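Please examine the sequence and the structure shown below. The paragraphs that follow lead through them step by step.

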Amino acid sequence: MSVGASHSRLLVKGGKVVNADQSFEADVYIENGIISQVGKNLSTPGGTKVVDATGKLVMPGGIDTHTHMQLPFMGTFAVDDFYTGTKAAISGGTTMIIDFVLDQKGVSLLEAYDKWKGWADPKVCCDYSFHVAVTWWSPQVSEELLELVTNRGVNSFKMFMAYKDVFMLGDADLYEVYKRCRDIGALAMMHAENGDVIAHEQKRMLDLGITGPEGHEMCRPEDVEAEATNRAVMIANRVNCPMYIVHVMSKASADVIVEARRRGNVVFGEPIAAGLGTDGTNYWHKCWRHAAGHVMGPPLRPDTTTPKYLMKLLASGDMECTGTDNCTFNGSQKALGKDNFAKIPNGVNGVEDRMSVIWEKGVASGILDENKFVAVTSTNAAKVFNIYPQKGVIAPGSDADIIVWDPNATRTISAKTHHQAVDFNIFEGMVCHGVTVCTISRGKVVYEDGKFTVSAGDGKYVPRKPFCKYVYNRILKRQETHDPKKVEREPYTGPVHKIQGSTTSQSEESPRVRNMHHTTSINTSGQHISNGQTPTSPPTPSTKVLAPPGGKSQIQF
């Protein structure tokens with residue numbers, strides 16, 4: 001398919017360029033990793049390598065907004081590291097991932113960032129960037145967020161409402177993190193599930209003898225996700241902070257986001273390949289390994305209409321980005337929870353198959369057109385995370401991250417043939433229209449006709465600046481009038497009622513006022529015991545009653 005020898009000059013010829021806003025017949029000339037010209041009958045130097053894209057689509061490489069390569073989690077490590085994960089990504093048409101720095105509570109965020117970057121730099125086959133997770137809060141963490149934004153190129157921070165005692169933050173800490181994100185121009189991201197409810201429901205399921213993977217979904221159903229989503233959006237809106245809900249898995253959670261956007265909230269929702277391509281009925285599969293292979297948090301939903309519902313929200317623009325939450329564990333690792341679903345490492349594949357799955361379920365089914373496909377797999381992510389137009393568009397001056405896509409070719413997804421290290425694929429047997437025939441990263445052909453021409457470390461870290469206009473234009477304008485204003489009035493100078501027990505003694509003529517929230521206990525000896533008081537005789541069994549104001553009746557509970 002390719003001819004020529006120069007690695008610094010490349011011509012993609014004869015294809016149809018597809019951007020988020022339009023499609024047109026054009027050639028693309030690349031020089032030194034940057035798109036130099038887009039048009040017809042381009043004049044190029046001798047020795048330019050040519051990629052023949054006749055009859056194919058030429059699109060911006062995909063940007064996966066959500067991956068966890070070699071993540072240490074639940075006592076083990078994800079099997080796809082930054083090498084196998086990004087190598088698989090480019091074979092599927094993704095040319096950039098945004099991974100998560102996610103360490104334990106109490107660990108310095110700067111030390112965690114350096115650790116993850118040390119893992120990634122020598123291994124990545126495509127460009128990458130980082131979100132950083134905030135799993136604890138202190139003045140130190142607050143200062144480290146500023147350092148990460150100012151000098152490390154991070155503009156997004158993820159918090160958890162789930163994984164109690166591991167990653168979860170309470171509402172009070174979330175409030176403070178959101179304020180800090182707003183002040184430094186970062187995007188707050190949220191794993192939205194009610195961790196307290198999940199902890200209780202896990203115990204309840206296990207007490208009922210439900211130990212298999214179906215218990216995972218049963219202890220964290222849609223309303224547990226939707227409640228947390230609503231709470232995250234509400235708190236962020238109170239402090240005027242932009243919010244990005246990761247891995248939106250349910251209709252109920254999606255509806256919360258859509259309704260908030262209708263009200264004008266600055267909030268983004270991210271469906272993932274798993275939730276767009278399969279469903280939670282798999283948790284009831286008779287094969288334990290199959291069911292466990294689908295365990296992730298939040299879980300896939302057993303409502304089989306959910307994938308199409310989420311895809312339609314991408315089509316309408318109510319959802320904008322797509323990721324994978326790629327976090328893979330082999331069968332032996334999943335078996336850590338063979339007798340207790342709560343111990344199954346959470347995570348599924350997707351980084352290799354996201355583009356094909358979205359094309360098959362979206363474009364081939366008539367829900368998305370080719371331009372919207374580019375928007376939800378690449379361009380919108382570049383805009384939200386402030387790397388547009390460096391990434392996400394085929395235009396002069398942009399990075400030459402390009403895929404040549406055959407919309408008519410098909411492939412069958414299988415763990416036997418995929419390039420990921422994991423031994424299972426949640427899309428097993430799915431026939432997909434839309435196949436990557438050539439991937440260009442940083443102006444170099446790295447994958448073509450099923451063959452790799454890439455080495456570990458060829459990818460580079462992409463720093464991202466704060467105060468992204470796409471996210472922050474409305475936030476900054478609202479901040480001018482966000483804080484409430486007090487009413488200017490003359491001070492009150494009239495009489496002030498005196499409360500019993502205050503430092504000023506109450507007049508004998510003042511009536512005694514009963515506290516509407518006061519409760520009284522009557523023990524079997526007939527003694528009245530007020531809140532916080534003890535009886536004058538040894539305690540005896542008592543019945544708690546509500547003492548209604550002005551009445552003698554006693555209502556027992």
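Among contacts in the chain between residues at least 6 apart in sequence, what percentage join residues at least 24 apart? In this predicted model, the share is 75%. The chain has 557 residues, of which 55% count as buried. Its secondary structure consists of 15 helices and 25 strands.

Strands of a sheet pair through backbone hydrogen bonds, either parallel or antiparallel. Here, seven strands form an open sheet with parallel pairing, in the order E9-E12-E13-E14-E15-E16-E17. Strand E9 (62-67) and strand E17 (267-269) stand at the edges; each has a single partner strand, so one side of each lacks a neighbour in the sheet. From one strand to the next, the twist averages 25 degrees.

Helix H8 (residues 251-262) lies across E16 and E17 and runs at about 150 degrees to E17.

Helix H4 (residues 171-184) may be followed in detail. Its 14 residues reach 20 Å from the first C-alpha to the last, close to the 20 Å expected at 1.5 Å a residue. Its buried residues are Leu-174, Val-177, Tyr-178, Arg-180, Cys-181, Arg-182 and Ile-184. Among the elements that cover them are strand E14 (156-160), strand E15 (187-191) and strand E16 (243-245), which also belong to the seven-stranded sheet. Helix H3 (139-151), helix H7 (222-238) and helix H15 (469-482) are included in the cover as well. After H4 comes Gly-185, with a positive phi near 80 degrees.

Aromatic rings supply a further view: a search of the whole structure finds 21 aromatic pairs. One of them, Phe-73 with Tyr-163, is edge-to-face, with 5.6 Å centre to centre and 85 degrees between the planes. Phe-73 lies in strand E10 (residues 72-73) and Tyr-163 in the loop between E14 and H4, so the pair ties together parts 90 residues apart in sequence. Both residues of this pair, Phe-73 and Tyr-163, are buried.

The rings of Phe-82 and Tyr-128 have centres 6.3 Å apart and planes at 55 degrees, so this pair is tilted. Phe-82 in helix H1 and Tyr-128 in strand E13 are 46 residues apart, and the pair links distant parts of the chain. Phe-82 counts as buried because its relative accessibility is 0%.

Definitions and conventions:
Residues numbered from 1 in each chain as written. Predicted model: local features only at pLDDT ≥ 70, side-chain atom pairs only at ≥ 80, totals over all residues. Heavy atoms only, no water. Helix = DSSP H or I, 4+ residues; strand = E, 2+ residues; numbered from the N terminus. Expected span 1.5 Å × (residues − 1). Buried < 20%, exposed > 50% of the residue type's maximum accessible area, 1.4 Å probe, protein only. Contact = heavy atoms within 4.5 Å. Pairing = 2+ DSSP bridges. Axes fitted to C-alpha atoms, helices over the stretch in contact; angles between N-to-C directions. Phe/Tyr/Trp six-rings, centres within 6.5 Å; stacked < 30°, edge-to-face > 60°.
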